[in-house]
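Here are my notes on this model, point by point. Please keep the structure open while you read.

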Amino acid sequence: MSEKCIYRRSAVRFKLINYPKAGLAVVIFCVFSLVGLVENASAEHNVTKRSFKNTVRCIEDGRFYRNPDRAVHKMWSNAECTKYYLCLDKEVFEFKCSVGLLFDVVRQICDFKQNVDNCDITAEVRAPKPLLEAAQCPESNQLGCADGTCLPNEYFCDGSVDCPDGSDEGWCDVDNDPNAADACDPSSCSLPDCFCSKDGTQIPGRMEPSQVPQMVILTFDDAINFDNWELFSNVLFTPNRKNPNGCPIRATFFISHQYTNYQYVQKLWNDGHEIAVHSVTHRGPEDWWSRNATIEDWFDEMVGQANIINKFGNVRMEEIRGMRVPFLRVGWNRQFLMMKEFGFVYDSSMVAPFSNPPLWPYTMDYKMPHTCTGTKQLCPSRSYPGVWEMVMNQLEAGDFHCGMVDSCPPHLSPDDVYKMLTHNFKRHYSSNRAPFGLYFHSTWFKKTEYLNVFLKFLDDLQRLPDVYLVTNWQAIQWMRHPVPSNQIGQFEPWLCKPRPLEPREVACSLPNSCRLHSRVLQQDRYFFTCNECPAQYPWIRNEFGLD
Ligand SMILES: [Zn+2]
């Protein structure tokens with residue numbers, strides 16, 4: 001139990017919106033590990049107190065709830081909506097959100113008032129568990145709802161409610177979906193299109209670790225603009241930073257639309273970096289991506305952003321291959337259905353539980369080789385042949401584990417950060433050589449000391465003859481056709497021969513600076529592109545900015 005809770009504690013990114021979760025997760029950790037720790041947690045986070053003479057009834061289902069006996073005929077007050085309870089071994093613990101936040105009983109977190117709409121609900125009602133085969137339905141292709149209604153088995157976990165009691169859509173994770181992907185079968189899964197292993201740690205091509213070039217994958221999320229351009233163009237990706245094959249080091253950029261400068265995007269693409277999508281709106285609440293986004297929403301957000309990048313950054317559509325969900329909120333089967341339909345090659349949003357050795361990326365043909373980590377995450381349960389998951393291994397930072405580098409504890413000294421980078425690199429380099437991912441938001445580098453230790457770490461990497469900084473797509477290409485280190489110098493996908501680009505594909509030096517109004521955002525936005533200015537600020541469902 002404690003490992004799961006430590007993960008929750010460490011998985012939190014230190015953005016304002018996530019602070020309530022930090023508090024909550026620490027409390028969960030403490031309650032489960034040792035009651036005696038609760039006092040410490042409360043002193044530190046000011047969110048909980050242990051209540052010995054509690055009058056609140058126990059609802060013991062392992063979930064937080066509101067006082068079921070509060071005066072329901074009265075309108076709920078903010079004060080009431082900040083309090084919540086957990087019952088363990090018939091003992092009720094009382095919690096309180098930090099000032100300014102309310103408790104969301106569905107998402108089980110504290111959040112800002114505008115994101116919480118269930119103050120009148122005591123506890124989340126869960127759909128009953130369907131009977132499935134136990135219903136003994138007359139037709140062989142039917143399964144039973146909880147109330148005994150028989151329906152075709154493809155109606156179960158297809159994203160729309162069909163059972164009268166809703167039970168066909170209530171139990172749809174990897175372990176409960178009756179149509180879930182099978183466990184990895186290595187005998188019928190072979191490269192280049194399928195790759196799986198029982199525990200996810202196997203090396204493609206069954207190579208010896210010493211023969212495997214160590215891939216390091218740097219990724220950057222969100223907008224690219226004046227704020228981080230200097231970092232990318234003049235600090236990190238300078239001509240002297242080269243891989244052992246003499247080609248410049250590469251990174252992957254997951255781009256969200258707002259505030260992005262598409263001249264810069266085009267420039268990065270020209271320079272051989274990978275451009276991938278991270279949605280148009282990057283909207284909240286975080287949970288929307290897992291729970292509420294429909295397949296249409298997924299298309300509008302991700303394919304919409306691919307369209308914007310293609311239209312205003314002139315990046316070839318066929319080279320936009322990957323996506324990462326905002327807040328790493330995996331979108332269950334809906335996200336992957338969209339990906340398959342559109343032809344995305346890979347997702348990189350799933351954080352694996354911390355493991356030694358780390359995991360290799362895999363295809364979604366079979367059941368994923370790890371549990372679905374994170375608070376109320378919804379991982380896909382079905383099979384998506386050929387779609388790659390560039391799984392995110394966590395970093396180890398003392399007692400913490402973190403998915404993104406900037407989600408590691410903010411109090412780390414530059415020396416701690418350097419040690420953390422080195423230690424985690426070694427966990428990959430000296431074991432199965434799974435690609436070593438370092439996932440950033442560019443603001444992390446604003447701390448000059450962090451930037452400097454990172455550059456020092458890059459210098460260290462450049463001294464190793466078999467370490468390559470590659471894009472996600474370059475990593476996938478290696479996995480599809482694994483080549484040992486001693487031949488990697490000639491591996492075509494990692495070379496850097498100049499590509500023939502059409503004139504319009506070459507980034508301009510002076511972009512059009514368009515001041516555009518957005519009806520949706522009700523504000524003006526500056527928009528930079530080498531193409532002509534659109535009439536409106538491009539946005540979801542109007543990605544070309546038509547009037
Ligand atoms: Zn983001």
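1. First, a term. A residue counts as buried if 20 or more other C-beta atoms lie within 10 Å of its own, and as exposed if there are 12 or fewer. In this predicted model, buried residues make up 43% of the 547 residues in the protein.

2. Next, confidence. The average pLDDT of the protein is 87. A score of at least 70 is reached by 89% of the residues. Take care with residues 1-52, where pLDDT stays under 50. For that stretch the model has 83 contacts beyond four places in sequence.

3. Now the overall make-up. The protein has 12 helices and 20 strands. Look at the contacts with a separation of 6 or more: 62% of them join residues 24 or more positions apart.

4. Is helix α6 (residues 262-270) enclosed or open? Eight of its nine residues are buried, so the rest of the structure largely encloses α6. The buried ones are Y262, Q263, Y264, V265, Q266, K267, L268 and W269. Which elements cover them? Among them are two helices, α5 (226-236) and α8 (295-313). The cover also includes the strands β9 (252-255), β10 (274-277) and β20 (523-529). Just after α6, G272 takes a positive phi of about 95 degrees.

5. An α-helix has 3.6 residues a turn, so residues three or four places apart point the same way.

6. How do α8 and helix α9 (residues 332-342) cross? Their axes come within 9 Å, at an angle of roughly 55 degrees. That angle makes α8 oblique to α9. The crossing is right-handed. On the α8 side, I295, W298, F299, M302 and V303 take part. They meet R334, Q335, L337, M338 and F342 in α9.

7. Two cis peptide bonds deserve a look. One runs from L191 to P192, with omega near 10 degrees. P192 lies in the loop between β7 (150-152) and β8. Another joins N356 and P357, with omega about -5 degrees. P357 sits in the loop between β12 (346-347) and β13 (362-364).

8. N314 has phi near 55 degrees. N314 is in the loop between α8 and β11 (322-323). Is N314 buried or exposed? It has 23 other C-beta atoms within 10 Å, so N314 is buried. Q522 also has a phi near 55 degrees, and it too is a residue other than glycine. Its place is in the loop between β19 (512-518) and β20. Q522 has 7 C-beta neighbours inside 10 Å, so Q522 counts as exposed.

Notes
Residues are numbered from 1 along each chain as its sequence is written. This is a predicted model: local features need pLDDT of at least 70, side-chain atom pairs count only at pLDDT 80 or more; totals for chains, interfaces and linings use all residues. Helices (H or I, at least four residues) and strands (E, at least two) are DSSP runs, numbered from the N terminus. Two residues are in contact if their C-beta atoms, placed from the backbone, lie within 7 Å. pLDDT is the predictor's confidence in each residue, from 0 to 100. Axes are lines fitted to C-alpha atoms, for helices over the stretch in contact, and angles run from 0 to 180 degrees between N-to-C directions. Angles under 35 degrees count as roughly parallel, over 145 as roughly antiparallel, 65 to 115 as roughly perpendicular and the rest as oblique. A crossing is left-handed if the near helix is turned anticlockwise from the far one by less than a right angle, and right-handed if clockwise.
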